[in-house]
Amino acid sequence: MSDIFEEVEEAVRHEQYMKLWKRYRFVVIGAAVALVLGVAGYQGWTYWKQQQSIKNSERFAAALAIVDEQGTAEAVTALEEVAKENPSGYGVLARFRIAGEHQKAGDKAAAVGALDALSNDTAVPKALRDLARLQSVMLDLDDAAPDALEGRLAPLLNEANPFYASATELMGYIAMKKGDDEKARTLFQTLVDGTEAPGGVRSRAQRMLTVLGAE
């Protein structure tokens, strides 16, 4: 008798499973298909990204060849094409190189403009935006108004920022430009006393303290 009850119980369980399967089979199958397609899609996307990276690398290399072989105008045009086709990655490198080409050609205003555009582009990673901001101020140090320069550096004057030491150094030069030697001494002394500033920055700060007559 026990075998009969076991068979009945098994049949009931089987019937319940079949009912559940009939009710949810499309959901389960759909989820399985979605999983397979998702994995395949991710693998396809990864492959596509790799191929795009290779293509962008080749385009960037070709643009650099033009930089070496032709004039600034041709180089900038080629680099702008790279930046247009690939807004991130090599495109960002191309935009930095465009600024460098303008600077090399003696067009400081165009170089600063290119760097400012980078620093204000929220699609660019923050560290690179900050680097562009720092380079822009460095180029503009002799020409721009001191107060404007200080405002542009303000976002970098956070000790957690990787460019904090360099920004503080520039703030010292700006203070000297304004004739505020006391503030300049304080800024340079902060760099000398700190342990986070790179050796080169600390060394220059020490020399500036000597120039300013600090004890």
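Is R97 buried, exposed or partly exposed? With a relative accessible area of 31%, R97 is partly exposed, where buried means under 20% relative accessible area, exposed over 50%, and partly exposed in between, using a 1.4 Å probe and protein chains only.

Please keep in mind that this is a predicted model, in which local features need pLDDT of at least 70 and side-chain atom pairs count only at pLDDT 80 or more, while totals for chains, interfaces and linings use all residues. Residues are numbered from 1 along each chain as its sequence is written, and side-chain values use heavy atoms, with hydrogens and water left out.

R97 forms a salt bridge with E101, the closest N and O atoms being 3.4 Å apart; by salt bridge I mean a side-chain nitrogen of Lys or Arg within 4 Å of a carboxyl oxygen of Asp or Glu.

The structure holds 11 salt bridges, and another one joins the side chains of K178 and E150, at 3.3 Å from N to O. K178 is partly exposed at 42% relative accessibility, whereas E150 is buried at 14%, and both belong to a network of salt bridges that also links D147 and K183.
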